[in-house]
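Dear colleague,

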Amino acid sequence: MTERQNEHMNLTEAMKERHSVRQYIDRPLEQSIVSALQDEIRTCNQESGLHIQLVLNEPKAFDGFMAHYGKFSGVTNYIAMIGRKGPDLEETCGYYGESLVLKAQQLGLGTCWVALTYRKVPDAFTVGSDEKLCAVITVGYGKTQGTSHRSKPLKDVIKAEGSLPEWFRSGAEAALLAPTAMNQQKFVFTLNGNKVSAKAGLGFYSKIDLGIVKYHFEIGAGKENFTWE
C-alpha cells in the first residue's frame with residue numbers, strides 16, 4: 001500500500017484492514033509519523049483525562065521470556081495506556097487506545113494490544129501515584145499485515161426486538177472487527193429504540209475490550225444515529 005493510499009484510508013477501511021501484528025522490522029518511525037501520533041495522543045489525553053504516552057526506541061519491554069512466549073519480536077516502540085485509577089479507567093483506555101490503533105493503521109503502521117506479555121520499564125514512561133498502567137500497544141512497521149480473526153455470528157452479540165435498523169447492524173458488524181482478549185468477543189449490544197447499551201462479559205480485560213468495541217460500534221453505526229444507555 002502506498003503512502004498516499006494510507007493517507008486517505010478512512011476509519012471504516014482501517015477497521016477492516018487492521019489485524020494484530022507481533023513481529024516488526026528494524027525501521028525507525030519517521031518524524032512526520034511520530035508527530036501525527038503525538039498529536040492524536042494529545043487530543044485523546046485532552047478529551048479523556050488519560051496520561052497516554054508514546055515510547056520510542058525502547059527494546060527492553062519486549063526482550064524477555066514473556067514477550068518471546070507471546071511471539072513478539074522487533075518491538076521497540078509502544079503506546080503506554082495510563083490514567084487515573086477509578087472504575088472507568090479500563091474502558092476509557094480501551095476506547096481511546098483503539099482510536100490510536102486505527103490512527104496508526106491509517107499511517108501505515110502495525111499494532112497489537114498487550115496486557116501481560118511485556119516487562120514494565122520504569123524509566124520509559126511516567127505513572128503518577130494515583131495512576132495505573134492498563135496496557136500497552138506495540139506500534140511499528142510489521143513484517144506482515146497480520147491475519148484476520150474468526151468472528152462470532154452477529155446474532156450472538158446483539159439483543160433486539162423486531163427488525164434491526166441498518167445503523168445498528170453496521171455498528172455490531174464493526175464491533176466484531178475489533179480486537180478482544182484471546183479473541184473471545186465477550187460483549188453484547190442491546191437495542192432499545194435509538195438507545196444502545198453495551199455490556200462486557202466476564203473475564204480478564206473485558207472492560208478494556210468493552211471500550212475497544214464501543215469505539216468500533218460508533219464508527220460503524222454513526223454517532224448521530226443513537227445514544228449510549
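Two strands are said to pair if DSSP finds at least two bridges between them, and helices (H or I, at least four residues) and strands (E, at least two) are DSSP runs, numbered from the N terminus. The model is a predicted one, in which local features need pLDDT of at least 70 and side-chain atom pairs count only at pLDDT 80 or more, while totals for chains, interfaces and linings use all residues. Residues are numbered from 1 along each chain as its sequence is written, and side-chain values use heavy atoms, with hydrogens and water left out.

I begin with β6. Strand β6 (residues 187-192) is joined by 6 bridges to strand β7 (residues 195-200), and the two run antiparallel, with Val196 in β7 as the bridge partner of Leu191. The hairpin that β6 and β7 make has 2 residues between the strands, and Gly193 in this hairpin takes a positive phi near 70 degrees.

Turning to the helices, the axes of α6 and helix α7 (residues 206-221) come within 7 Å and cross at roughly 140 degrees, where axes are lines fitted to C-alpha atoms, for helices over the stretch in contact, and angles run from 0 to 180 degrees between N-to-C directions. The two helices α6 and α7 are therefore oblique to each other, since angles under 35 degrees count as roughly parallel, over 145 as roughly antiparallel, 65 to 115 as roughly perpendicular and the rest as oblique. Residues of α6 including Trp167 and Phe168 meet residues of α7 including Val213 and Phe217, contact being heavy atoms within 4.5 Å.

Elsewhere, 4 strands form an open sheet with antiparallel pairing, in the order β1-β2-β4-β3. Its edge strands, each pairing on one side only, are β1 (53-55) and β3 (110-114), and the twist averages 25 degrees from one strand to the next. Helix α5 (residues 89-106) packs on the sheet, where it touches β2 (78-84), β3 and β4, and its direction makes about 15 degrees with that of β4.
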